[in-house]
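This note sets out some points on the structure shown below. Please read each point with the model in view.

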Amino acid sequence: MKTNRIILAALFISAAVSCQKESFGDLENARETEAATFVAGEMTKTSLNGNNIYWTSDDVIAVYDDLGYRNEFKVQDVNASKATFAGEVTRGTTQIYAVYPSRLAGDISGSTINVRIPVNQTPKVGSFAEEHNISVAKGKKTTGVVAIDSIKFKNVGSFLKFTIPSYIEDVKSVTFSTSRPIAGAATVDASADTPIAVVAESGSKSVTMTGSYPAGSQFVFVLSSGKIQG
């Protein structure tokens, strides 16, 4: 049987950086930076490989220092579920917040960061696609010490797995729709012990994957946490 589109209806189960800042005359030039690194460990979810979580060599993380600057940290070394990231923060920074992936992170106010859960997602067999799943971390920085301590990334959304039946061929897109906003513009308090992405009321009530779907394969939507009715 051939079809071009599948609409899913299911109960949702919640699953367990260049510098940017507004410049005022020569004040931007007075900024002093220092090198910083941190190790992102096994709790982070950037892509799935079976039930294992892997980093990839081109991952980029947005790091916000407590002087209001947004910095990009890039992979220096990656070993499957662990990766070392390197970049610069403003000298004198004592607290940082980090968001993966950088491209889904916006501005920050205090510890609250604007993020964006993709409404249009890309299928990847057995997983969600890279740079789809948002996770955040916080850490302490000591002036003059390169390493940032206590970095532990946590997912701020949830996952919905589905399988394309083996008898269905030529699927082009899959949409999951529900009764509340589950994707789009959101905020997350990166200082919380359990950070959660809260989607704005104007957010999308559906997410769509468009691409290639081998029959019999499993895929994963990324969406916000919470209860869904209907």
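1. Salt bridges. A search of the whole structure finds 7 salt bridges, a salt bridge being a side-chain nitrogen of Lys or Arg within 4 Å of a carboxyl oxygen of Asp or Glu. The model is a predicted one, in which local features need pLDDT of at least 70 and side-chain atom pairs count only at pLDDT 80 or more, while totals for chains, interfaces and linings use all residues. Residues are numbered from 1 along each chain as its sequence is written, and side-chain values use heavy atoms, with hydrogens and water left out.

2. Arg 31. Arg 31 and Asp 65 form a salt bridge at 3.5 Å, N to O. Arg 31 lies in the loop between strand S1 (5-8) and strand S2 (33-40), and Asp 65 lies in strand S5 (residues 60-65), 34 residues apart; strands (E, at least two residues) are DSSP runs numbered from the N terminus. Both Arg 31 and Asp 65 are buried, where buried means under 20% relative accessible area, exposed over 50% and partly exposed in between (1.4 Å probe, protein chains only). The charged end of Arg 31 also sits over the ring of Tyr 69, 4.1 Å from its centre; for this, NZ of Lys or CZ of Arg must be within 6 Å of the ring centre and within 35 degrees of the ring normal.

3. Arg 91. In the salt bridge of Arg 91 with Glu 34, the closest N and O atoms are 3.4 Å apart. Arg 91 is in the loop between strand S7 (82-90) and strand S8 (95-100) and Glu 34 is in strand S2, so the pair ties together parts that are 57 residues apart in sequence. Arg 91 is partly exposed at 39% relative accessible area, whereas Glu 34 is buried at 7%. Glu 32, Glu 34, Arg 91 and Lys 141 are linked in a network of salt bridges.

4. Aromatic pairs. There are 11 aromatic pairs, counted when rings of Phe, Tyr and Trp (its six-membered ring) have centres within 6.5 Å; planes under 30 degrees apart are stacked, over 60 edge-to-face and the rest tilted. The rings of Phe 176 and Phe 221 have centres 6.4 Å apart and planes at 40°, so this pair is tilted. Phe 176 belongs to strand S17 (residues 173-177) and Phe 221 to strand S21 (residues 218-224).

5. Aromatic cluster. Phe 38, Trp 55, Phe 73, Phe 85, Tyr 100 and Phe 153 form one aromatic cluster. Phe 153 is buried, at 1% relative accessibility.

Notes
Helix = DSSP H or I, 4+ residues; strand = E, 2+ residues; numbered from the N terminus.
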